[in-house]
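Here's a quick briefing for anyone meeting this structure for the first time. Have a look at the sequence and the model, then read on for the main points.

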Amino acid sequence: MSLDEDQLSIARAIRILLPHVVPQLQQKEFLDLCWRSIELKQQSYGEGSVELWAEQLDIATNCNDLTKEFTQHSNWAQGLELLLTVESLTNKPIPEERMNAMRLRQRIHLFNNYACIRKGQGKHSSALQYAEKALNVAIQMNELAALPQCYLNLCALFSA
């Protein structure tokens, strides 16, 4: 097995195992593994490769999901740290249309997560801005599945 194949095997294993081992990891270790996995994909496939975008989107998904867990336990600081990672991984458009739609869906989750955290911190004005961003992206994409969560977040903010 060449070094490239070893690196690919490691990156594949990290991506598969991350959701299962995250509860046992400290957040810094989790993020270090994520960035190492991205680095390996970049070395193996190059910047702008479909494989690298897929890895970034997988990690963004894991970070968004983990943020929801932290938010449910009022762990705002750790949630915000993960959202910075999601923001970094999803801030640039992807030329491939299907993957860019996936990126925008992660942005919707990102903004909804920010809204929930800001509301929990008592920063209602900031929370409202993020909830509106999530709704705007969902409407622009015609992402009907995301609309209920967006509207639910807005209702929660208006009733607070």
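Let's start with E39 and R36, which sit 3 residues apart in helix 2, so about one helical turn separates them. Helices here are DSSP runs of H or I with at least four residues, while strands are E runs of at least two, and both are numbered from the N terminus. This is a predicted model, where local features need pLDDT of at least 70, side-chain atom pairs count only at pLDDT 80 or more, and totals for chains, interfaces and linings use all residues. Residues are numbered from 1 along each chain as its sequence is written, and side-chain values use heavy atoms, with hydrogens and water left out.

**Salt bridges**
- Searching the whole structure turns up 2 salt bridges (a side-chain nitrogen of Lys or Arg within 4 Å of a carboxyl oxygen of Asp or Glu).
- E39 and R36 make one of them, with their closest N and O atoms 2.5 Å apart.
- An α-helix has 3.6 residues a turn, so residues three or four places apart point the same way.
- E39 is partly exposed at 38% relative accessible area, and R36 is partly exposed too, at 36% (buried is under 20%, exposed over 50%, partly exposed in between, using a 1.4 Å probe and protein chains only).
- R105 and E143 also pair up in a salt bridge, at 3.1 Å from N to O.
- That pair ties together distant parts of the chain, 38 residues apart: R105 belongs to helix 5 (residues 97-120), and E143 to the loop between helix 6 (124-141) and helix 7 (147-159).
- R105 is partly exposed at 31%, whereas E143 is buried at 14%.

**Helix 2 against helix 3**
- The axes of helix 2 (residues 27-45) and helix 3 (residues 50-72) come within 9 Å and cross at roughly 170 degrees.
- That makes the two helices roughly antiparallel (over 145 degrees; under 35 is roughly parallel, 65 to 115 roughly perpendicular, the rest oblique).
- Among the residues that meet are F30, L31 and C34 from helix 2, and I59, C63 and L66 from helix 3.
- By class, this contact has 10 nonpolar, 5 polar and 3 charged residues.

**Helix 4**
- Helix 4 (residues 76-90) has 15 residues and reaches 21 Å from first C-alpha to last, close to the 21 Å expected at 1.5 Å a residue.
- Its buried residues include W76, L80, L83 and V86.
- Helix 2, helix 3 and helix 5 are among what covers the buried residues of helix 4.

Terms used. Axes are lines fitted to C-alpha atoms, for helices over the stretch in contact, and angles run from 0 to 180 degrees between N-to-C directions. Contact means heavy atoms within 4.5 Å. Ala, Val, Leu, Ile, Met, Phe, Trp, Tyr, Cys and Pro count as nonpolar, Asp, Glu, Lys and Arg as charged, and the others, Gly among them, as polar. The expected span of a helix is 1.5 Å times one less than its number of residues.
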